[in-house]
2 protein chains.
Amino acid sequence: MSANAKTAISPTRSEDYAEWYQQVIKAADLAETSPVRGCMVIKPWGYAIWERIQAELDRRFKETGHVNAYFPLFIPMSFLQKEADHVDGFAKECAVVTHSRLEAGPDGKLVPAGPLEEPLIVRPTSETIIGELFARWVQSYRDLPLLINQWANVVRWEMRTRLFLRTAEFLWQEGHTAHATAAEAMEETRKMLGVYADFADKYMAMPVVVGEKTAGERFPGAVNTFSIEAMMQDRRALQAGTSHFLGQNFSRSSNIKFLSSEGVEELAWTTSWGVSTRLVGGLIMTHSDDDGLVLPPTLAPSQVVILPVTPKEETRDAVLAACDQLAAELRQQTFGGEPLRVQVDKRDLRGGEKTWGWIKKGVPIRIEIGPRDLEKDAVCFCRRDRGAKDKQFTDRSSFVAAVSKELESIQACLHARALAFRDSNSVEVGSEEEFKAFFAQPADAGIHGGFAYAGFCCDPELEDQIAKAYKVTVRNIPLATADETPTCIFTGKPGRRVVFAKAY
Amino acid sequence: MSANAKTAISPTRSEDYAEWYQQVIKAADLAETSPVRGCMVIKPWGYAIWERIQAELDRRFKETGHVNAYFPLFIPMSFLQKEADHVDGFAKECAVVTHSRLEAGPDGKLVPAGPLEEPLIVRPTSETIIGELFARWVQSYRDLPLLINQWANVVRWEMRTRLFLRTAEFLWQEGHTAHATAAEAMEETRKMLGVYADFADKYMAMPVVVGEKTAGERFPGAVNTFSIEAMMQDRRALQAGTSHFLGQNFSRSSNIKFLSSEGVEELAWTTSWGVSTRLVGGLIMTHSDDDGLVLPPTLAPSQVVILPVTPKEETRDAVLAACDQLAAELRQQTFGGEPLRVQVDKRDLRGGEKTWGWIKKGVPIRIEIGPRDLEKDAVCFCRRDRGAKDKQFTDRSSFVAAVSKELESIQACLHARALAFRDSNSVEVGSEEEFKAFFAQPADAGIHGGFAYAGFCCDPELEDQIAKAYKVTVRNIPLATADETPTCIFTGKPGRRVVFAKAY
């Protein structure tokens, strides 16, 4: 509890948003910093959320015809250099392996030994190494499309790290595909963007703006980059997933050629797309409140937790048995086609400690069962989305019959709340003055502006200047209004309708 | 097909076993070497097998109370040094990260820059970094046992690599647990050994000898190491999984202390246990034949493949529809509690090429459906375990009704065959002469001895001499006969009953 004893997380969002985020993670036991600079440890509760994200995305990738494979962790330094933009984008922040063993030095301490002929870098992303393999695998148009995904760890030597949002090592998936035509590759790029958007919206209950990045924000080496952008509760944008149309850039540098059905040698067209453990950060900042994590039922490792209340020794066994019995019945119910995930917490802890523990971990439904509930055949349950004080009483059989609907309602409420928050913090701005005013709102406790939609000429230099002056960037050019050509609010030139925001 | 057109794989096992192994992998499209020395690329068919191994092991780990977490890829060099045996075991072969970025050198080529204050090593195994975290997490006996598993990539800079069996980078799981007492930690060590043994036997249809390693073969830093050892078709042993009782060695070096229920500060007792992508190598060498890979139904990405035979254009649509219909019905059947995995191969390829492709990929049941089968409502199916020429005819409905039993029969036959092979190549040796004679059998085409059970005094120096003289090692001291104390066949001293073999 915080100093004023009103919330479980201290500080609150409005007191200090950045610190609130760290404290939510700590209180829910999701992750922590490690002794290795910039690398995080993902703790069991956080990893279980990631496993659920993985399982659902993996299902969707396979449903759309992709297969998983695994490529080397290391990339020869020379590979990175093949694509000019790519090396510019990644050389500044990569872990370089230069030696292959350790030896005891003169003082007995270890020193690197066995220098490598060519240094290796730990993959920051795998376009260059996968391109090399694709060049071996693709000979004829019959080998296309090649639709591959990889679940892996990657490393980017970030200077300023924050758990889940920006860490030196992170876990992700990277899709890599090769196609016979530009149109097919673009279709794939857009299709996977759609998979991400639908997953974020339906599964994470996190609404996103789907659009194309401006030239300045493209993935190094891409022709077009698309993104999904979510609004966090400090009104900043989180880029939650990207999908890239790579044109023939990587095919050219990796020599991915095929013989067309007309017998002509052509370069393949490639795509790549990825989401990472950053999604967990997005999840936290979309739904959590001042009492800690709030999980949508889809992603909750436990959807229902049952807390036995055992004030007297003589009724203890009966209460525990009733809890197990209720758990068994609830596990017969389903949510999203799967049996409910239900846990009975029999730990020998004080009731308050236990209850607050599960509140802070964000479990959607908590149930308390004591001797009186047994007598009345009643259930007292609390919905996490309604805050720490929510309490509802019902009879046991009605509860069991309605639990799936209750979870659906929680999922829907979280989504509706996130959408309402985003909408109420999104504006249309018609002039530079309005733009300035919107982002110059006093940034109390690290809370910033919101989403500002405006006409913009997309000049990269101007974009840079805006970023420097206001710390605001173009998040993307939303697909929904991509055919509009409003006047640029800065230059009066013809522009695109873009969404501006401060961003993670 | 081989030169003599009798087998799909050339050379055959008896012609050149090591090369046969490479060719089976190539023909089944499981994996290949990468441009990064010692690192393999796991291709989709190979990775799908690994995913099935992962899914089942993960289920078993969770069933026994373990949770997954994720720890950093990098380990500070000084951590490795904390445990003396551990550093001796791993310092000789590790990837060392010394720089954090790349810069263009005078000739425009990249050079490592941003030297790190302390070099990092890429984890060869995670005892030291996880120990550091456990020390933070464990305060009281209430925090124990701590039962964690990690799925990860690890790197050991091997000089001589072979796909799946020995690669610089490999994928694995590593369990790490901490307990309040030695007895509990030993129970955990044995329990997970049992999980591995049962998985290998029941799920991979690969019988294993379960036992304890001798002192010389222990994991660096362990008090006791246990292993499962399988016999490959060249009669060599493959260590397929290990489970280590680490005593208080890593607790001491990492400072994992807890306050006991009596209020006394004590060092925790830890274990670790792991299996890796090496299991895929074991799977290949246990069941495959001279026509390629043979997969047990449990692990086959597709258990049944249906090949439409469409000689005439006018019956083509009817045949394809019948194949889809049969596939849908088969998917209603279950094996091991899961719906059957069935694929219809509609690719536009010559029939022979298609059929041989699936033989080489090891799919348990192949079905061909042509216009005549439609007329007769018949099914022609082939069991991969019975060789490339197997063909059986039955009516369609009987086939659908019996397909699960057929898969069970394949699973059982593969296991029985592997067990019979092992038994027929296992001997009891009562003297050094018999030992010599057994292992001195002409090693045609790289095929070696087998398993020799014998009394052995377990003297480490003698073990070394035997390894040098005969290239034979003690695989383990089988648990089944661990209480026997036979006389050592080399020294006449009291010994243990051990199993000797040449090994991977």
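Q: What makes E5(A) and strand E5 of chain B a pair, and in which sense do they run?
A: In this predicted model, three bridges join E5(A) to E5(B) (residues 96–104), and the two run antiparallel. Two strands pair if DSSP finds at least two bridges between them, so three bridges are enough. Within this pairing, A:Val97 stands opposite B:Val97.

Q: How do you know that chain A and chain B are in contact?
A: Residues are in contact if their C-beta atoms, placed from the backbone, lie within 7 Å. By that test, 45 residues of chain A are in contact with 45 residues of chain B. Strand E5 (residues 96–104) of chain A gives the most to chain A's side, with seven residues.

Q: What kinds of residue make up the side of chain A that touches chain B?
A: That side divides into 31 nonpolar, seven polar and seven charged residues.

Q: Which residues have the most contacts inside the largest nonpolar core?
A: They are A:Cys94, A:Ala200, A:Ile306, B:Cys94, B:Ala200 and B:Ile306, in a core of 296 residues. Members of such a core are buried and joined through C-beta atoms within 7 Å. As a general background, nonpolar side chains tend to be buried together in soluble globular proteins.

Q: What does A:Cys94 touch, leaving aside residues up to four places away in sequence?
A: In chain A, A:Cys94 touches A:Ile121, A:Val122, A:Pro124, A:Val155, A:Arg156 and A:Trp157. From chain B, A:Cys94 touches B:Arg101 and B:Leu102.

Q: How is chain A divided into domains?
A: Chain A has domain 1 (17–287), domain 2 (304–409) and domain 3 (426–501). The C-alpha centres of domain 1 and domain 3 of chain A lie 28 Å apart. Their contact takes 18 residues from domain 1 and 19 residues from domain 3. On the domain 1 side, E9(A) gives the most, with four residues.

Q: Why are E18 and E21 of chain B called edge strands?
A: Let's look at the sheet they belong to. This open sheet of five strands in chain B has the order E18-E15-E19-E20-E21, with mixed pairing. Strand E18 (342–344) and strand E21 (392–395) each pair on one side only, and they are the edge strands.

Q: What makes E15 and E19 of chain B a pair, and in which sense?
A: Strand E15 (residues 304–308) and strand E19 (residues 365–369) of chain B pair in the parallel sense over five bridges. In E19(B), B:Arg366 is the bridge partner of B:Val305.

Q: Which helix lies across E15, E18 and E19 of chain B?
A: Helix H9 (residues 313–330) of chain B does, running at about 170° to E15(B).

Definitions and conventions. Residues numbered from 1 in each chain as written. Chains lettered and ligands numbered in written order. Predicted model: local features only at pLDDT ≥ 70, side-chain atom pairs only at ≥ 80, totals over all residues. Contact = placed C-beta atoms within 7 Å. Nonpolar A, V, L, I, M, F, W, Y, C, P; charged D, E, K, R; others polar. Buried ≥ 20, exposed ≤ 12 C-beta atoms within 10 Å, placed from the backbone. Domains from an automatic or database assignment. Axes fitted to C-alpha atoms, helices over the stretch in contact; angles between N-to-C directions.
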